[in-house]
Amino acid sequence: MTTKKNEKGTPSEFLKDCMADAVIHLLKKYTLNEIQVKQICHMSGFHRASWFRAFRSKHEAVTYKMRRLWEQWCDAHNIEVRDEFTLDNAETFFQYNYEIRDTLSLLYHRGLMDDLSASIQSILYQHQHKNPQGAYSAAIHSYALFGMLYAWTIRDFDISPTEMAAILRKTCN
């Protein structure tokens with residue numbers, strides 16, 4: 001399949017989605033280090049050169065996939081505020097992660113939680129914060145949310161998204 005590009009000449013979201021989907025699918029059977037680019041390309045139907053135009057690494061593909069899952073979930077649930085975290089939208093954040101818990105568990109078991117952390121940071125840092133307060137606040141939120149997701153994943157999602165949001169609110173007060 002030829003590489004589909006947008007008007008700026010960069011690989012399209014469709015191409016990147018197909019390749020990132022292939023990586024996630026292959027993770028069910030292989031570690032990230034065992035997955036070869038030729039496997040990803042064969043599964044996604046794109047050429048090897050397309051892979052290297054789309055991603056610098058397999059880790060980048062995983063991070064991209066996690067971010068796209070968030071964007072798609074927000075679209076499906078009419079979520080307008082997607083790149084800013086507040087205590088008011090905590091339950092929404094945990095509900096999303098509960099719904100993708102199989103993918104989070106897969107990342108955990110494959111040792112890829114750093115990629116999850118990177119995706120949370122990329123969501124909260126979508127807008128480069130010009131002022132120190134915004135930058136530091138986004139950093140605190142992204143690491144704190146990752147820490148909670150990590151613990152929740154290890155505990156096999158033992159409590160509800162509502163309970164997770166309540167713990168966060170209580171911790172922050």
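This is a predicted model: local features need pLDDT of at least 70, side-chain atom pairs count only at pLDDT 80 or more; totals for chains, interfaces and linings use all residues.
I will begin with the overall fold. The protein chain has nine helices and zero strands. Going along the sequence, the pattern is therefore α-α-α-α-α-α-α-α-α.

Next, dimensions. The C-alpha atoms occupy a box of roughly 55 × 35 × 30 Å along the principal axes. For 173 residues, a compact globule would have a radius of gyration near 16 Å, and this protein chain, at 17 Å, agrees with that. Of those 173 residues, 43% count as buried. Looking at contacts with a separation of 6 or more, 63% are between residues 24 or more positions apart.

Now the surface. The protein chain exposes about 10000 Å², and 52% of that comes from carbon and sulfur atoms. As for charge, there are 21 positive and 20 negative charges, and their mean positions lie 9 Å apart.

Take C18: the nearest cysteine sulfur belongs to C41 and is 12 Å away. A disulfide needs the two sulfur atoms within 2.5 Å, so C18 is in none. C172 is in no disulfide either; for this residue the nearest cysteine sulfur is that of C74, at 20 Å. C172 has a relative accessible area of 48%, so it is classed as partly exposed.

The rest of the talk is about helix α6. The helix covers residues 101-109. Which of its residues are buried? They are T103, L104, S105, L106 and L107. What covers them includes α1 (13-27), α4 (58-76) and α5 (90-99), along with α7 (113-124) and α8 (132-154).

H109 also belongs to α6. Is H109 buried or exposed? Its relative accessible area is 63%; the cut-off for exposed is over 50%, so H109 is exposed. H109 and T31 are 78 residues apart along the chain, yet their C-alpha atoms are separated by 9.3 Å. After α6 comes G111, which has a positive phi, near 70°.

Technical notes
Residues are numbered from 1 along each chain as its sequence is written. Side-chain values use heavy atoms; hydrogens and water are left out. Buried means under 20% relative accessible area, exposed over 50%, partly exposed in between (1.4 Å probe, protein chains only). Helices (H or I, at least four residues) and strands (E, at least two) are DSSP runs, numbered from the N terminus. Contact means heavy atoms within 4.5 Å. The radius of gyration is taken over C-alpha atoms; the globule rule is 2.2 Å times the number of residues to the power 0.38. Accessible areas come from the Shrake-Rupley method with a 1.4 Å probe; for residues, only the protein chains shown count as cover. Lys and Arg count as positive and Asp and Glu as negative; His and the chain ends are not counted. The place of a charge is taken as NZ of Lys, CZ of Arg, CG of Asp or CD of Glu.
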